[in-house]
Amino acid sequence: MMMEKVQSIIAALQQRHFEREDEIAGSLLALLNGEHLLFIGPPGTGKSMLAKDICQCLENGQLYYYLLTRFTSPEEIFGPLSLESLKNDEFRRKTAGYLPAANIAFLDEIFKANSSILNSLLTILNEKRYHNGREVCDVPIYSIYGASNELPEEGEGLQALYDRFLFRYYVSPIDGDENFLKVISNRIGDFVPPVHLCMQEIQENRSKSASIPIDQEVLSTILALREEFRRNGRYVSDRRWKKALTIMRVAAGSLDKPSVDITMLPLLQHLLWNDPLEKEDIRRNIFQACVSHGVDLQKLRQEAEELFRLSVRSRNLVDAGARFPRIIYCHDCNGSFTNLEGMSKHHESNPKHSFMNPFDDARGRAKGYRKYGFEELVSLLENQHGWKLTEKSNTPEARLYRKEVESLRERQESVLKGHDMERQNLLEGLARNIWLSQRDRKELMMIFDHRIIAISEINQILADIEKVLD
Ligand SMILES: [Zn+2]
């Protein structure tokens with residue numbers, strides 16, 4: 001079975017390549033897809049050894065390795081000219097042992113490629129064909145692994161070459177002390193893979209995968225991501241999206257999954273960045289989108305908070321706790337009231353006391369203060385002075401806000417619905433998904449669990465708004 005094979009190969013490679021979980025999985029997945037992969041980063045981080053080891057996993061795999069310079073000539077990459085063919089006025093190369101005959105190639109310093117080799121190289125990358133003299137030959141290449149210390153500058157004519165590498169990894173030097181010491185002190189022998197992959201099973205997996213359905217939530221997450229990228233001015237070509245879907249299908253197919261589920265989405269982090277600087281942002285976008293099913297909880301929270309602010313502002317006019325523009329005094333005792341709450345309490349406990357009108361002018365006062373009953377004064381203040389005291393919960397604003405609370409609650413509940421089952425599915429899906437690193441699996445779970453906290457916080461804000469509006 002493909003899954004068991006891949007699993008044992010990954011485990012064996014991890015014994016030799018420390019801190020390269022992502023790169024190992026990606027290199028194998030590129031191989032299964034027949035796609036190319038680029039390693040960016042300083043030299044001396046074991047990239048060529050990884051390519052060589054991957055090639056060992058391929059039954060009768062032929063490796064071609066070359067370190068390019070600005071002066072690399074076509075002979076060095078595609079093979080020497082055949083003297084035989086020259087006699088016949090032909091211009092053919094003897095390609096045996098060179099790139100056109102390889103299954104796996106590692107091209108170091110790939111962006112040093114000069115114009116004399118660039119076109120043929122692009123044709124091999126794009127079409128897996130090589131124009132040898134008058135003949136167009138199919139090239140048995142699976143994957144080309146390119147490596148470079150840095151990205152090509154714009155205007156060097158290398159953008160097309162860069163674009164052909166679907167998988168992109170930024171490879172840093174070993175981080176952990178223990179791993180570092182192992183790397184510099186151990187002598188590493190040849191890799192003996194536990195099992196071999198053969199061309200036939202790779203092909204079978206590819207054709208089987210082509211018809212695997214894609215879960216609706218994966219598609220809606222992709223739409224949400226595309227929108228997010230657009231907002232941030234990031235461009236991902238339709239072709240790249242299409243290939244990314246194929247890769248997720250092949251990854252799912254190799255694990256015998258019935259469909260492409262959301263646990264495949266983190267693979268996108270290695271397929272969608274252009275600049276290493278945007279890598280982490282894109283990763284975060286993908287992980288967030290993955291667990292929220294396109295409902296952006298952060299945005300939901302912002303909306304709830306804004307609604308809370310608006311409701312509180314509207315409350316200043318209607319709420320019993322809000323401060324009166326003027327103090328109201330009791331006519332019969334020393335009571336003074338700064339809000340409706342205090343005034344009505346006083347009225348309840350002293351129903352016979354009456355109040356003074358804070359707008360009574362000198363003339364009114366000269367005649368002796370006029371006394372007002374509670375209801376009388378309240379309606380006078382509302383009708384003549386515009387105080388909103390009793391019309392508490394039925395202002396047009398309050399009605400509108402209540403509707404908005406409802407719609408926010410619906411969105412929040414759509415995330416909450418089936419949460420437990422989703423969590424279980426996610427856990428199981430991740431456990432089976434050997435294409436993801438431990439770090440990715442842990443982080444995805446963490447982000448998923450954080451959802452519950454975010455949701456309960458939003459819930460609290462919505463409850464607060466309702467309290468304000470009631
Ligand atoms: Zn009183």
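This report describes a sheet, a hairpin and a helix contact in a predicted model.

Local features are given where pLDDT is at least 70, side-chain atom pairs count only at pLDDT 80 or more, and totals for chains, interfaces and linings use all residues. Residues are numbered from 1 along each chain as its sequence is written. Helices (H or I, at least four residues) and strands (E, at least two) are DSSP runs, numbered from the N terminus.

**The sheet**

Five strands form an open sheet in the order β2-β3-β6-β1-β7, with parallel pairing; two strands pair if DSSP finds at least two bridges between them. At the edges are β2 (63-67) and β7 (167-170), each of which pairs on one side only. From one strand to the next the twist averages 15 degrees. Helix α3 (residues 47-57) packs on the sheet and touches β1 (37-40), β2, β3 and β6. The direction of α3 makes about 170 degrees with that of β3; angles run from 0 to 180 degrees between N-to-C directions, and axes are lines fitted to C-alpha atoms, for helices over the stretch in contact.

| Pair | Sense | Bridges |
|---|---|---|
| β3 (residues 104-108) and β6 (residues 143-148) | parallel | five bridges |
| β4 and β5 (residues 135-138) | antiparallel | four bridges |

β4 and β5 form a hairpin with two residues between them, and G133 in the turn has a positive phi of about 60 degrees. A residue is buried if 20 or more other C-beta atoms, placed from the backbone, lie within 10 Å of its own.

The 17 residues of α11 should span 24 Å at 1.5 Å a residue, and its end C-alpha atoms are 24 Å apart, which agrees; the expected span is 1.5 Å times one less than the number of residues. Among the buried residues of α11 are A244, I247 and V250. The cover over its buried residues includes α1 (2-14), α2 and α9 (199-209). After α11 comes D256, with a positive phi near 60 degrees.

The axes of α2 (residues 21-33) and α11 (residues 238-254) come within 10 Å and cross at roughly 100 degrees. The two helices are therefore roughly perpendicular to each other (65 to 115 degrees). L29, L32 and N33 of α2 meet T246, I247, V250, A251 and S254 of α11; contact requires C-beta atoms, placed from the backbone, within 7 Å.

Key
Angles under 35 degrees count as roughly parallel, over 145 as roughly antiparallel, 65 to 115 as roughly perpendicular and the rest as oblique. Two residues are in contact if their C-beta atoms, placed from the backbone, lie within 7 Å. A residue is buried if 20 or more other C-beta atoms lie within 10 Å of its own, exposed if 12 or fewer, and partly exposed in between; C-beta atoms are placed from the backbone.
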